[in-house]
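The following note is intended for a colleague examining the coordinates.

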Amino acid sequence: MVPIRLDGLDRQTPVMKMDNFSTLIGGIAGDGINEAGLTAARLFSRLGYHIYMYYDYPSLIRGGHNFSLVRASREKIASHTDGIDVLIALNQETLEKHAGRLKDSSFVIYDADKVKIDDRKHRGCGLAITSTLLEAKAPAIMKNTCILGGYCKVVGIDWTVLEDVLRKHLPKMLDLNLQVARKGYDQATEFCHLGSGSDGAISHRTGKDGDERDGKPHEKPHPIITGNQAVALGLIKAGLGAYVAYPMTPSSSILDFMARHARDFGLKVIHPESEIAVILMAQGFAYAGVKAAVATSGGGLCLMAEGLSLAGMAEMPVVVVNAQRAGPSTGLPTYTAQGDLHFVLNAGQGEFPRFIVAPGDAEEAYCWSAMAMNLAWQFQLPAFILTDKTLSESQYSFDFDLADRLCGELKDDLQKAPLLWDGTEEYRRYRYTETGVSPLAFPPLPGQAIKTDSYVHDEMGITTEDPLITREAAEKRQRKGRSMAEYLEKYETVKVLGDLKSRTALLCWGSNKGVCLEAARKFGLQVIFVLVLSPFPEKRLKDALQGVDRVISVECNSTGQLARLAGSHGLKIKIEDQILKYDGRPFSVEDLERELGRVVA
Amino acid sequence: MNPKDLATKAQVTWCPGCGNFSIMSAMRAVLADLAGEGLPLENVVLVSGIGCHAKIVDYMNANSFYSIHGRTIPVASAIKIANPDLSVICFSGDGDSLAEGLDHLIFAAKRNIDITMILHDNRVYGLTTGQFTPTSPQGFHGKSTPDGAVEHPINPLELMLASGATYIARGYTHGIEQLQKLFKEAILHKGFSFVDVLQVCVSYNNLYESYNKWTYTVEGNDATSFDEAQKIIRSWNYDRSDVPIPLGRFYQADKERFDQSFEQYRPGPTERDSKIKDLLDNLI
């Protein structure tokens with residue numbers, strides 16, 4: 001067995017910055033890097049930390065370089081940092097690729113059988129992972145468990161915390177996993193102590209500047225979920241009955257999740273031949289009175305465009321999750337972007353109203369996905385949940401109390417039933433009303449015919465080419481859009497966060513919310529977060545801009561799509577005040593701080 | 001119920017002599033019939049694509065979903081899965097289902113989902129005024145193939161047999177009694193039913209004479225035999241106009257259905273919320 005090398009022992013034990021702690025775990029695809037990151041996240045969660053984990057992987061099944069960046073913080077976070085405190089290297093490439101992230105206080109935990117480390121440059125702890133596994137006759141995937149055992153010892157997380165996590169989440173071959181983890185744990189030596197689940201040492205700060213930081217220590221660790229899981233649960237909460245999808249990264253894990261939990265929640269889950277079938281099936285379900293949702297990424301949404309237009313014309317409620325990835329075309333399948341905003345705003349021929357929400361974190365994803373379903377049914381139109389790879393696949397501490405509060409604000413609507421036919425007169429599927437919303441009915445309905453039509457149609461749902469009806473029907477659809485906009489006025493569709501006294505504001509949408517909040521804190525800036533993008537909350541934005549002299553927009557695209565949208569609603573943002581990132585990677589806190597340093601200075 | 005009760009106020013705009021009239025009157029008669037035999041009209045949903053065929057739903061006073069070109073099957077499939085008590089009938093054209101929506105058709109057969117497809121097979125695009133379709137013969141002089149189509153046609157029945165459809169038949173718009181018989185069988189069949197209807201397009205592909213000469217009804221065939229069905233189906237490949245064209249029911253089988261695989265259990269809101277909480281607890 002390779003002796004343990006405690007390269008850091010001759011140096012002073014570092015003082016950890018306990019408010020924030022970042023760990024990077026890297027290896028090849030097939031090493032279980034995502035799961036390893038999640039295990040590390042669960043450890044910190046049990047110590048009372050909030051978690052954010054970014055998972056970076058290329059589009060391949062085996063090989064390549066994958067890494068999980070697990071960040072633990074005493075405050076609610078939704079962003080990662082470039083700098084790390086611990087680097088866990090399952091292979092040499094991980095060390096070489098990420099050495100630049102190490103600080104003086106950082107150290108490296110590595111598989112000493114595989115990775116060579118320069119003692120003069122890095123403080124490290126080598127564990128004989130490969131030989132330990134051989135000895136224990138454990139499969140290669142367990143190198144994760146072994147190195148995480150060592151990791152716990154090194155950073156001072158009690159064995160019982162790790163054991164608890166493994167027992168709960170790795171029930172398969174548990175004994176062997178525990179044995180291998182223990183060997184890793186025993187091999188390592190303690191560098192610093194982060195505390196244990198029992199001693200807590202939780203010292204939460206009180207949120208003081210208008211953001212959403214947790215004001216009190218939570219008694220129970222939060223669940224850790226991806227944005228996709230939050231979306232899925234929100235849809236289920238809203239009464240989802242059917243989920244239809246064709247797999248496409250980064251939306252596929254919603255399909256997997258729905259399929260896995262179909263029986264439990266009584267869901268009809270279908271994976272059909274194409275996204276074209278997907279969006280049409282959703283409307284078949286809606287016609288029969290079943291709440292349906294679909295998810296895809298940009299390419300799949302292209303195939304859905306004609307079906308979306310059908311939903312607009314036929315007034316079929318349908319929820320569409322578009323998890324953006326870097327385009328155009330196949331682009332970077334496993335990397336992030338905010339490049340589809342205008343596509344989603346405009347997809348489908350002709351003019352019809354639609355709802356678009358872009359949640360910024362897991363709690364918003366949960367509540368507003370439920371809300372999207374509800375709005376789709378209240379106004380009988382397509383409702384979009386616009387996410388991106390960052391939100392979809394990153395792991396977040398899910399604060400159920402916060403989600404409860406957030407959903408509580410939407411409660412009246414989340415419980416509101418769609419407008420149904422009262423049975424008093426002949427059923428007309430497209431009856432004209434003041435709000436533009438026609439009462440719904442579902443077959444079988446004795447004595448009545450429920451007729452849905454993709455052509456211009458009269459109130460009965462029968463095709464017509466009459467110019468007057470054509471105009472009236474168009475106005476009916478637009479009236480629905482206006483009714484929805486009025487209806488949404490009472491909600492905080494634009495959030496004003498950060499330093500409310502600042503006259504400079506960051507403008508952002510979607511997954512950039514977290515990083516903007518964090519960078520704004522450092523610079524003492526306000527953050528204006530646009531949550532709902534259609535109907536565009538023009539008045540809310542105008543109110544948010546009271547007292548603001550300068551707006552700096554932050555987006556993950558190359559043309560400033562929110563800036564352009566806001567521009568068409570009266571907010572002009574100078575090109576030099578648009579911070580844009582379009583390399584497929586989300587902003588790290590340092591990235592944005594650097595950019596702000598340049599722009600604000 | 002009188003088949004006439006199934007009419008709507010919509011003005012019928014098919015060309016005089018169009019084969020679609022036969023399909024409509026056959027279907028009205030069948031639905032009226034079935035209403036008296038335990039399938040109430042309100043439990044029937046008609047789904048159409050886009051093309052001359054599709055106007056049929058405007059002319060039928062019944063539940064309908066007038067979908068888009070090539071997209072009857074996904075809509076119909078979901079309606080059936082959503083509510084198994086509904087009988088769902090698709091009307092589609094040869095351009096609609098064999099070109100634009102071919103994948104859906106194959107998958108409906110693959111799934112053996114319990115819906116019915118009536119293919120208005122006039123072997124030409126009518127509404128776009130005369131282009132060749134997947135069942136037009138080689139050499140067809142259409143507006144998009146002025147020198148004659150180079151491609152050979154698809155035999156949709158052969159495709160359906162290979163893909164797993166469990167009721168396969170062919171009718172002709174000049175034989176309305178046979179159409180009624182086949183439509184009724186198809187609707188009552190449990191599984192994916194496909195009825196190819198040779199429908200004459202008087203304006204762009206008038207094959208009355210040829211069909212009258214060459215069509216014949218197959219009798220005494222063993223419809224449970226895949227091989228026999230295949231032999232009958234292959235005896236005419238849509239390319240030639242100098243061979244007999246079989247009509248009738250060619251294949252019928254009993255097989256597990258996709259729509260049977262869904263549970264009808266639904267938790268209420270309170271139960272749902274508590275299950276969500278439990279699930280989240282497992283993710284701590």
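1. Val494(A) stands opposite Val530(A), a residue of β19(A). The strands concerned, β17(A) and β19 (residues 526-530) of chain A, pair in the antiparallel sense over five bridges; pairing requires at least two DSSP bridges between two strands. Strands are DSSP runs of E of at least two residues and helices runs of H or I of at least four, numbered from the N terminus.

2. This is a predicted model, in which local features need pLDDT of at least 70 and side-chain atom pairs count only at pLDDT 80 or more, while totals for chains, interfaces and linings use all residues. Residues are numbered from 1 along each chain as its sequence is written, and chains are lettered from A and ligands numbered from 1 in the order in which they are written.

3. β17(A) and β19(A) belong to an open sheet of five strands with mixed pairing, in the order β17-β19-β18-β21-β22 (chain A). Its edges are β17 (494-498) and β22 (578-580) of chain A, each of which pairs on one side only. From one strand to the next the twist averages 20°.

4. Helix α18(A) lies across β17, β18 (504-508), β19 and β21 (550-555) of chain A, and runs at about 170° to β19(A). Angles are taken between N-to-C directions from 0 to 180 degrees, with axes fitted to C-alpha atoms, for helices over the stretch in contact.

5. The axes of α18 (residues 513-523) and α21 (residues 589-600) of chain A come within 9 Å and cross at roughly 50°. α18(A) is therefore oblique to α21(A), the class left after under 35 degrees (roughly parallel), over 145 (roughly antiparallel) and 65 to 115 (roughly perpendicular). Among the residues making the contact are Val515(A) and Phe523(A) of α18(A), and Leu592(A) and Leu596(A) of α21(A). Contact means C-beta atoms, placed from the backbone, within 7 Å.

6. How many residues of chain B are in contact with chain A? There are 43, facing 45 residues of chain A. β2 (63-66), α2 (72-82), α4 (102-111) and α9 (269-281) of chain B each supply at least two residues of the side of chain B that touches chain A, and the largest share, eight residues, comes from α2(B).

7. Strand pairing also spans the two chains: three bridges join β16 (residues 451-453) of chain A to β2(B), and these strands run parallel. Here Lys451(A) stands opposite Ser64(B).

How values were computed. Contact = placed C-beta atoms within 7 Å.
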